[in-house]
Amino acid sequence: IDPATAEGELTLRSFLWPDRLERFERLEAALEVCRRMPVSVDRADGADWLPARLAELRPGAATVVLHSVVMQYPSRASLAAMGAALQAAATVAVTGRPLAWLRLEPPPGSPRAELRLSLWPGGEDRLLATSTPHGDDVRWPA
């Protein structure tokens, strides 16, 4: 969904429950950011898209892989390919070309999603927060 288009805005608005006014406010703020800082939106399978993007690690810039509640949807083959691409990129991440993996995903069987960050070089993994599936109750560890 391209939030910079009228169709994309309408589609995103259609996903909101009408009684959750705070979500309309958050979406409007996010859409305003999209209007000021447009980005390209690629339509592709993650198994094809992610390896190509990770092959472009640039000196002097951090590469961030970000996703939110998507890992339950790809096929096992796509998940395996994305995981392999991330691991391959992690092995070449060095100071000056770091790699970060930021994700909000529900662990199997858990009622709460976890916001996790992995950083390379080094491979450090941190739990940053937990939340309800729709982000209403965010808990930041002390």
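Is Arg13 buried, partly exposed or exposed, and what is its relative accessibility? In this predicted model, Arg13 counts as partly exposed, at 28% relative accessibility.

**View 1. Arg13 and Glu9 meet in a salt bridge.** Here the N to O distance is 3.2 Å. The two residues sit four apart in helix α1 (residues 6-14), so about one helical turn separates them. Glu9, at 16% relative accessibility, counts as buried. Both residues also belong to a network of salt bridges that links Glu9, Arg13, Glu28, Glu32, Arg35 and Arg36.

**View 2. Strand β1 (residues 63-68) has side chains that alternate between two faces.** Look for Thr63, Val65 and His67 on one face, where they are buried. Six bridges join β1 to the parallel strand β2 (residues 99-105), and Ser68 stands opposite Leu104 in β2.

**View 3. Asp125 and Arg103 form a salt bridge at 3.0 Å, N to O.** This pair links distant parts of the chain, with Asp125 in strand β4 (residues 124-131) and Arg103 in strand β2, 22 residues apart. Asp125 counts as partly exposed at 36% relative accessibility, while Arg103 counts as buried at 10%.

**View 4. Arg112 forms a salt bridge with Asp137.** Their closest N and O atoms are 3.2 Å apart. Arg112 lies in the loop between β2 and β3 (113-120) and Asp137 in the segment after β4, so the pair ties together parts 25 residues apart in sequence. Arg112 is buried, with a relative accessible area of 16%, and Asp137 is partly exposed at 28% relative accessibility.

Key: Residues numbered from 1 in each chain as written. Predicted model: local features only at pLDDT ≥ 70, side-chain atom pairs only at ≥ 80, totals over all residues. Heavy atoms only, no water. Buried < 20%, exposed > 50% of the residue type's maximum accessible area, 1.4 Å probe, protein only. Pairing = 2+ DSSP bridges. Salt bridge = Lys/Arg side-chain N within 4 Å of Asp/Glu carboxyl O.
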